[in-house]
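Could you read the points below beside the model and check each of them against the coordinates?

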Amino acid sequence: MNKIKVQFYEDNTIDDNKLEFAVILAKYQNKWIYCKHKERDTWEIPGGHREKNEEILNSAKRELKEETGAQNFTIIPIAIYSVTVNNKTNYGKLFYSEVKEMSQNLEYEIEKIQLFDDIPDKLTYPEIQPYLYKYIVLKINRNRKEL
């Protein structure tokens with residue numbers, strides 16, 4: 001089995017053009033939004049590939065809309081992350097979003113979304129998604145204490 005390593009970096013410490021993915025942990029009605037792809041029986045955090053010449057923030061907004069139906073939301077960059085498998089490292093940007101309004105129309109490959117109090121079982125990427133979730137939860141809790 002391949003060993004997967006997930007790391008986090010402060011914003012602007014990795015060159016922007018290395019960021020390939022935007023991943024958005026989003027809440028709606030105080031619950032976490034997870035997506036189910038049409039071809040899988042597992043849950044995943046909304047997100048996806050950055051398109052050519054697209055700003056990473058715009059990638060995050062586009063993916064959130066496409067995969068969850070989010071219409072009215074705030075989105076905040078949290079950190080850059082990397083995933084290393086077999087000595088190959090890919091970078092992405094992690095975002096947090098609070099969704100105020102959603103459409104019932106889901107686009108592209110997403111079959112349905114579901115709201116959870118916590119991270120669900122049966123994840124699409126169980127070696128990666130728990131780290132992203134825990135990082136966001138720690139950041140949110142830390143920011144609340146500082147207020």
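1. Basis of the note. This is a predicted model, in which local features need pLDDT of at least 70 and side-chain atom pairs count only at pLDDT 80 or more, while totals for chains, interfaces and linings use all residues. Residues are numbered from 1 along each chain as its sequence is written, and side-chain values use heavy atoms, with hydrogens and water left out.

2. The largest pocket. Its volume is about 570 Å³, a volume being the space filled by probe spheres set on grid points that are joined across faces, edges and corners. A pocket here is an open set of points, on a 1 Å grid over the protein atoms alone, where a 1.4 Å probe fits, with protein on both sides within 12 Å along at least five of seven lines; lining residues have an atom within 4 Å of a point. The lining comprises 28 residues, of which F21, G47, G48, H49 and Y125 are the closest to the centre.

3. Composition of the lining. At least two lining residues come from each of β2 (19-28), β4 (47-49), α1 (56-68), β5 (70-85), β6 (88-102) and α2 (129-146), where helices (H or I, at least four residues) and strands (E, at least two) are DSSP runs numbered from the N terminus. By class there are 13 nonpolar, seven polar and eight charged residues; Ala, Val, Leu, Ile, Met, Phe, Trp, Tyr, Cys and Pro count as nonpolar, Asp, Glu, Lys and Arg as charged, and the others, Gly among them, as polar.

4. The nonpolar cores. A core is a set of buried Ala, Val, Leu, Ile, Met, Phe, Trp, Tyr and Cys residues joined through side-chain atoms within 4.5 Å, and buried means under 20% relative accessible area, exposed over 50%, and partly exposed in between (1.4 Å probe, protein chains only). The largest core has 21 residues, and those with the most contacts inside it are L25, W32, Y34, L94, L132 and I136. To this core β2, β3, β5, β6 and α2 each supply at least two residues, with α2 giving the most, five. A second, separate core of 18 residues includes L19, A22, F73 and F95.

5. I136. Leaving aside neighbours within four places in sequence, I136 is in contact (heavy atoms within 4.5 Å) with L25, W32, I78, L94, F95 and Y96.

6. E44. This residue lies in the loop between β3 (31-37) and β4 and is buried, at a relative accessible area of 7%. Its side chain makes polar contacts with the side chains of R40 (3.2 Å) and T124 (2.8 Å); such a contact is a pair of N or O atoms within 3.5 Å, where, within protein, one must be able to donate a hydrogen and the other to accept it, and residues adjacent in sequence count only if both atoms are side-chain atoms. Beyond four places in sequence, E44 is in contact with Y34, C35, H37, T124 and Q129.

7. In the loop between β2 and β3, Q29 has a phi near 50°, a positive value in a residue other than glycine, and is exposed at 58% relative accessible area. N30, in the loop between β2 and β3, has a positive phi near 65° and is exposed at 61%.

8. N72. Placed in strand β5, N72 is partly exposed, with a relative accessible area of 35%. Residues up to four places away in sequence not counted, N72 touches E98, V99, K100 and E101.
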